[in-house]
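This report describes the pockets of one protein structure. The sequence and the structure are shown first.

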Amino acid sequence: MDLKLFFTAFWLLFLAELGDKTQLTVFTLATQYNKPLPIFLGASLALVLVTFLGAVFGHAATRYIPAVYMKVIAGVLFAGIGVFLLVEGLPQLLQQLGRG
């Protein structure tokens, strides 16, 4: 096993996830339901599965799609998810502010 590559992937992902939507989602679920263990286990399993799928399909996709296109596609998807979350969350926020 290439330990340098292993630790590079670990630290890059660790730093990228700090304050990221995944961590914020877990934080929100934990505050909402006050049951951290099942949230931690579910989120951990999901992250492992998504990371595995990303590694497998990312490797396969490089045979057919240039890396620059993958970056653009990933950026568009990330922005789309952000817009979706804003559209979903803003009415709830405005409702909460109206009550306050």
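## Terms and model

Helices are DSSP runs of H or I with at least four residues, and they are numbered from the N terminus. The structure is a predicted model.

## The largest pocket

The largest pocket holds about 750 Å³ of space. Its lining is made up of 20 residues. Those that lie nearest the centre of the largest pocket are Val50, Thr51, Leu53, Gly54 and Ala55.

Four helices each supply at least two residues of this lining: helix 1 (3–17), helix 2 (21–33), helix 3 (36–61) and helix 4 (67–99). Helix 3 gives the largest share, with 10 residues. Sorted by class, the lining of the largest pocket has 14 nonpolar residues, four polar residues and two charged residues.

## Position between the domains

Domain 1 covers 1–64 and domain 2 covers 66–99. Because both domains give residues to the lining of the largest pocket, this pocket lies between them.

## The second largest pocket

The second largest pocket has about 410 Å³ of space and is lined by 15 residues. Glu17, Thr22, Ala43, Ser44 and Leu47 lie nearest the centre of this pocket. Helix 1, helix 2 and helix 3 are the elements that give two or more residues to the lining of the second largest pocket.

Here, too, helix 3 contributes the largest share, in this case six residues. By class, the lining of the second largest pocket comprises 10 nonpolar, four polar and one charged residues.

Conventions. Residues numbered from 1 in each chain as written. Predicted model: local features only at pLDDT ≥ 70, side-chain atom pairs only at ≥ 80, totals over all residues. Heavy atoms only, no water. 1 Å grid on protein atoms, 1.4 Å probe; cavity = no way out; pocket = protein on both sides within 12 Å on 5 of 7 lines; lining within 4 Å. Points joined across faces, edges and corners; volume = space filled by probe spheres on them. Nonpolar A, V, L, I, M, F, W, Y, C, P; charged D, E, K, R; others polar. Domains from an automatic or database assignment.
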